[in-house]
Amino acid sequence: MAGAEKIINDILLEAHSQADYIRTVAEEKADAILKKAEDESRTALEKAEKDAEKAEKEYEARIASSGEMNRKKAMLAGRQELIDEVIRQAYDKLAGLDDAAYFEMLLKLLEKTAHSGDGVLCLSEKDLKRLPADFAQKAADTAKKAGGSLKISDTPEKISDGFILKYGGIEENCTLRALFDDKEEQLRDVVQSVLW
């Protein structure tokens, strides 16, 4: 029996040795897998941190850009408002001229708009009431220079200022509002160049 025990002990020793070897190899493989997993985790974490940092910078840049764009929009709106106000004040100043200066302005406007042919100059009720005594003659003389004739209508037009010229079936709106509206872009450009 001593021989059988020796064989069994040898087999057990061999089995323990094999088990130790398998355990060592398994532990080495587990350590390698664990190290690889840690490395991949670290790499993934570093990438995630870099991506988050990049996303944060991009977000901050978008916020800054958006803020700058909003600032520029507000500045542009402020400029537009200022230009509108200057144009409003210019209109009010012309509409509010004293009678002599106002009707002198109308005659200058008539010099630019009178045509050949027989025409009628239509004014507002307010302007008909304050019409200077010599205005009708001056208007007729201005029309004559353009090769036509002009009389002032006794019927008031529903306008606030300026005049309407009628030649046959054609009407030309020469109110201050129509003139300002017609030249709005040019006025804006002039005001902008003066202000900035």
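**View 1. The largest nonpolar core of this predicted model.** A nonpolar core is a set of buried Ala, Val, Leu, Ile, Met, Phe, Trp, Tyr and Cys residues joined through side-chain atoms within 4.5 Å. Buried means under 20% relative accessible area, exposed means over 50%, and partly exposed lies in between (1.4 Å probe, protein chains only). The largest core here has 25 residues. Leu106, Leu110, Leu121, Phe135, Leu150 and Phe163 touch the most other members. At least two core residues come from each of α1 (2-95), α2 (99-113), α4 (135-145), β2 (148-152), β3 (163-167) and α5 (176-182). Helix α2 gives the largest share, seven residues. Helices (H or I, at least four residues) and strands (E, at least two) are DSSP runs, numbered from the N terminus. In soluble globular proteins, nonpolar side chains tend to be buried together.

Two notes apply to every view. Residues count from 1 along each chain as its sequence is written, and side-chain values use heavy atoms, without hydrogens or water. Because the model is predicted, local features need pLDDT of at least 70 and side-chain atom pairs count only at pLDDT 80 or more, while totals for chains, interfaces and linings use all residues.

**View 2. Phe163 and Thr113 in contact.** Contact means heavy atoms within 4.5 Å. Residues up to four places away in sequence are not counted for Phe163. Its partners include Leu106, Leu109, Leu110, Leu121, Cys122 and Cys174. Thr113 lies in helix α2. What does Thr113 touch, leaving aside its neighbours within four places in sequence? Thr113 is in contact with Phe163, Leu165, Glu172 and Cys174. Thr113 has a relative accessible area of 9%, so it is buried.

**View 3. Helix α2, its cap and its span.** Asp98 caps the N-terminal end of α2. A side-chain oxygen of Asp98 lies 3.1 Å from the backbone nitrogen of Ala100. The buried residues of α2 are Tyr102, Phe103, Met105, Leu106, Leu107, Leu109, Leu110 and Thr113. The expected span of a helix is 1.5 Å times one less than its number of residues. For the 15 residues of α2 that gives 21 Å, and the end C-alpha atoms are 21 Å apart, which agrees.

**View 4. Strand β1 beside β2 and β3.** Two strands pair if DSSP finds at least two bridges between them. Strand β1 (residues 117-122) runs parallel to β2, joined by five bridges. Leu121 has Ile152 in β2 as its bridge partner. Strands β1 and β3 run antiparallel, with three bridges. Val120 has Lys166 in β3 as its bridge partner. Strand β2 has a covered face of Gly148, Leu150 and Ile152, and an uncovered one of Ser149 and Lys151. In a regular strand the side chains alternate between the two faces of the sheet.

**View 5. Cys122 and Cys174, without a disulfide.** A disulfide is a pair of cysteine sulfur atoms within 2.5 Å. By this rule the count is zero. Cys122 is buried at 2% relative accessibility. Cys174 is buried too, at 1%.

**View 6. Gln18 in helix α1.** Gln18 is partly exposed, with a relative accessible area of 40%. The C-alpha atoms of Gln18 and Asp182 are 103 Å apart. Along the chain, these residues are 164 residues apart.

Note on methods
Polar contact = N/O pair within 3.5 Å; in protein donor to acceptor, adjacent residues only side chain to side chain.
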